[in-house]
Number of protein chains: 2
Amino acid sequence: MYGFVRLLRSFFVALCVAIIPISVAQAADPLPSWRDGPAKAAIVDFVNRVTTASGPDFVAPEERIATFDNDGTLWSEQPLYFQLRYALDRVKALAPEHPEWNDQEPFKSVLADDMSGVLTTGKKGLLQIIAATHAGMTEAEFRDTVLTWLNTARHPRFGQPYNALIYQPMLEVLAYLRANGFKSYITSGGGIAFMRPWAPQAYGISPEQIIGSSIKTKLEMRDGKPVLVRLPEIDFIDDKAEKPVGINKFIGRRPIAAFGNSDGDLQMLQWTTAGDGLRFALIVHHTDAEREWAYDRQSSVGHLDKALDEARAKGWTIVDMKRDWKTVFSFDKK
Amino acid sequence: MYGFVRLLRSFFVALCVAIIPISVAQAADPLPSWRDGPAKAAIVDFVNRVTTASGPDFVAPEERIATFDNDGTLWSEQPLYFQLRYALDRVKALAPEHPEWNDQEPFKSVLADDMSGVLTTGKKGLLQIIAATHAGMTEAEFRDTVLTWLNTARHPRFGQPYNALIYQPMLEVLAYLRANGFKSYITSGGGIAFMRPWAPQAYGISPEQIIGSSIKTKLEMRDGKPVLVRLPEIDFIDDKAEKPVGINKFIGRRPIAAFGNSDGDLQMLQWTTAGDGLRFALIVHHTDAEREWAYDRQSSVGHLDKALDEARAKGWTIVDMKRDWKTVFSFDKK
């Protein structure tokens, strides 16, 4: 009997030896694209504290909810929010069916690549562009056009598909949180229906964990089958004070960690950190004109002003992209 | 070496012998409160087919989405939807602060227990009751009043807390689906905020998997902290043709199985079964006046008419409560 026990022990020791090197390698650096510094240390410290069962900051796995803005936090947003680029490209693709657009704003300016002309049409013009490019088709048809665009369009500066401009260090944060029992959500000002076709695969996040702005949809019968048709009517704008509203509606719990990059994320960060217990707030500060872009208070895209001041005042984690990230995009890697 | 291998094999055989009786017991009857019959057989057959990796109907775990109506499908809804009972009880509880209600409809009728008087005030009256009982407080305050009500109110017929009127056979279906890799959602005409305080514990479903009707909320600063305040304005009514709309918005995938009990669930069942591959639709038919209630085409609560015809025409599974359920409520058990 003693021999049997000893043999079993040898067997398990052999198993453990085989497994340990992998675990140690992961534990040694869960965030290999991050340089050592205060931002990386703050992320690791937070995760360690909320997952240490014997510690004062332990959080049960089902309460480990993290929310991430998308544009400028998980992928780039310059020179234009990518969904706006999609909409402008769609106007051009649809123009042959709409000869009247040659004399009609905002379409006339879109077709002439006159962005300042588009901008002067204001909110009304933007809604017309959304109606023309995001509505009037089924959810399945919209999904197809988004995927086709991602497969064919290229970013003007990098010559890469737009979804190649996802931040490698943030993918590592998502994976690190997932490995530590977190459920991460995207809470974007961008459209739910624009993100769900590609974001699950890109980020390892299920469609139901993707929250964003939406237009209304309506159930209709087509060829005897029920389909959801997209209407030219705003349902929800998931930005600023509406971000906590959307999180509460979709998730029903307050996150313990939130990640953003602009004033549009400020209320989400405030609401997250106002909860009880240990909380984590992070802002991606775009400081790297060489590898990505450098912008904050003066930029209309990804405007970061009040949230930067509040982050400094409250000691939230601020990522200095240039200093903190070894790699920005996966295509940068040697 | 041969001895070592043989010893290992003995060890694993011993392990398997220890485990098998449990598995066999579970496999023998995953639905012990269901009598053998076509409804139970249909549920088991569907689950077996979509989980058999080598079979033609296999569905990957992440696509195993099931949606359940709540009122009349997971718990009772007679003589009044329980959330309406909550609202009427709240009017009475709040009445001392509102002396004007004694002369104001719909409150006057509520306070006089005159339900037909309440009903004659129509949709306008109902919205006034919702505004008075569901809005004007924070989400956290509303949650507390719901939990307090559940802890104190008793169902007039059974003398039990309202959440004791959950159907034991349906809890078994939820557990059976969960054990087979399904992610189940509640998609109720009732309020998200009314269900989330108690439904996760009762059904084993996370708050984020509970979809329903909602009123609008607004982020406000109170005592220097951001809170979500409930507004007297309808945001979304999750019923009939809006059920697929809500499912698409919250989940972003079409369910492969849907469970309902009334015409309010018809479009959800149609949309679910219109998808590709094997699909499952089930209707709980209330046929048991003795243990629960018997009602369908003539009832205003849980009205079941067109959906019953369509279920019969299309061969959806119809649960005959009296015939199919050995136990209805857990407090019935001997």
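Which residues in helix 11 of chain A are buried? The close-ups below take up this and other details of a predicted model.

**View 1. Helix 11 of chain A is mostly covered.** This helix spans residues 242–250. Eight of its nine residues are buried. They are Lys243(A), Pro244(A), Val245(A), Gly246(A), Ile247(A), Asn248(A), Lys249(A) and Phe250(A). Gly252(A) follows the helix. Its phi is positive, near 75 degrees.

**View 2. Two helices of chain B pack together.** Two packed helices are described by the angle between their axes and the distance between the axes. Here the partners are helix 3 (residues 82–94) and helix 7 (residues 139–152) of chain B. Their angle is about 100 degrees, and their axes lie 11 Å apart. Helix 3 of chain B is therefore roughly perpendicular to helix 7 of chain B. Helix 3 of chain B brings Phe82(B), Arg85(B), Tyr86(B), Asp89(B) and Arg90(B) to the contact. Helix 7 of chain B meets them with Phe142(B), Thr145(B), Val146(B) and Trp149(B).

**View 3. Lys40(A) forms salt bridges with Asp29(A) and Asp36(A).** The bridge to Asp29(A) has an N to O distance of 3.0 Å. This pair links distant parts of the chain, eleven residues apart. Asp29(A) sits in the loop between helix 1 (2–28) and helix 2 (38–51) of chain A, while Lys40(A) sits in helix 2 of chain A. The bridge between Lys40(A) and Asp36(A) is 3.5 Å, N to O. Asp29(A), at 26%, is partly exposed. Asp36(A), at 71%, counts as exposed.

**View 4. Arg222(A) and Glu220(A) meet in a salt bridge.** Their side chains are 3.5 Å apart, N to O. Arg222(A) is partly exposed, with a relative accessible area of 33%. Glu220(A) also counts as partly exposed, at 26%. Elsewhere, salt bridges that share partners join Glu63(A), Lys183(A), Arg253(A) and Glu208(B) into one network. Over all chains, the structure holds 42 salt bridges.

**View 5. Three residues of chain A make a nonpolar surface patch.** They are Leu127(A), Ile234(A) and Ile237(A). The patch covers about 220 Å². Where does Leu127(A) lie? Leu127(A) is found in helix 6 of chain A, which runs over residues 122–134. At 36% relative accessibility, Leu127(A) counts as partly exposed.

Technical notes. Residues numbered from 1 in each chain as written. Chains lettered and ligands numbered in written order. Predicted model: local features only at pLDDT ≥ 70, side-chain atom pairs only at ≥ 80, totals over all residues. Heavy atoms only, no water. Patch = residues over 30% accessible without salt bridge, like charges linked within 9 Å, V, L, I, M, F, W, Y side chains within 5 Å. Areas by Shrake-Rupley, 256 points an atom, 1.4 Å probe, with all protein chains shown as cover. Salt bridge = Lys/Arg side-chain N within 4 Å of Asp/Glu carboxyl O. Helix = DSSP H or I, 4+ residues; strand = E, 2+ residues; numbered from the N terminus. Buried < 20%, exposed > 50% of the residue type's maximum accessible area, 1.4 Å probe, protein only. Axes fitted to C-alpha atoms, helices over the stretch in contact; angles between N-to-C directions. Parallel < 35°, antiparallel > 145°, perpendicular 65-115°, else oblique. Contact = heavy atoms within 4.5 Å.
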